[in-house]
Amino acid sequence: MEATNPGRPLERDDLRRWLLAGLTREDKLIITQYYFENLTLREIGLTLGISESRVSQKKDEILKAMRDRMKRDQRVVELECA
């Protein structure tokens, strides 16, 4: 049986805040509804008044921006630790 880590919810909240930092309100909604609330792209589109395909495009753009930020932040940490 796996031990419960009392800090785990805090870590998840910290990660969520970091992931969403710097995003527009709409981008935050797309990521939150898709990954944390498990809504479909169609459901998100209906919520935001945009097409399912536009939600998909925006989600891909957001994820690319997040990956780029992660790479930049990783380089900064590596330089600080060197």
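My entries below go from the core to a helix pair and then to the rings.

**Ground rules.** I am working with a predicted model, where local features need pLDDT of at least 70, side-chain atom pairs count only at pLDDT 80 or more, and totals for chains, interfaces and linings use all residues. Residues are numbered from 1 along each chain as its sequence is written, and side-chain values use heavy atoms, with hydrogens and water left out.

**Core.** I looked up the largest nonpolar core and found eleven residues: Leu19, Leu20, Leu23, Ile30, Ile31, Leu41, Ile44, Val55, Ile62, Leu63 and Met66. I take such a core as a set of buried Ala, Val, Leu, Ile, Met, Phe, Trp, Tyr and Cys residues joined through side-chain atoms within 4.5 Å. Buried means under 20% relative accessible area, exposed over 50%, and partly exposed in between (1.4 Å probe, protein chains only). Two or more residues each come from α1 (8-20), α2 (25-36), α3 (41-48) and α4 (52-81). The biggest share, four residues, is from α4. My helices are DSSP runs (H or I, at least four residues), numbered from the N terminus.

Beyond its neighbours within four places in sequence, Ile62 meets Leu23, Asp27, Ile30 and Ile31.

**Helix pair.** How do the axes of α2 and α3 cross? They come within 10 Å and cross at roughly 145 degrees. I use lines fitted to C-alpha atoms over the stretch in contact, with angles from 0 to 180 degrees between N-to-C directions. On the α2 side I noted Glu26, Leu29, Ile30, Gln33 and Tyr34 in the contact, and on the α3 side Leu41, Ile44, Thr47 and Leu48.

**Rings.** I found one aromatic pair. The ring centres of Tyr34 and Tyr35 are 4.8 Å apart with planes at 80 degrees, so I logged the pair as edge-to-face. Rings of Phe, Tyr and Trp (its six-membered ring) pair if their centres lie within 6.5 Å; planes under 30 degrees apart are stacked, over 60 edge-to-face, the rest tilted. Tyr34 is partly exposed at 29% relative accessibility, and so is Tyr35 at 40%.

**Charges over rings.** I count NZ of Lys or CZ of Arg within 6 Å of the ring centre and within 35 degrees of the ring normal. Arg16 lies over the face of Phe36, 4.4 Å from the ring centre. The charged end of Lys59 sits over the Tyr34 ring, 4.9 Å from its centre.

**Lys59.** Leaving out residues up to four places away in sequence, Lys59 touches Ile30, Tyr34, Tyr35 and Leu41.

Terms used: Contact = heavy atoms within 4.5 Å.
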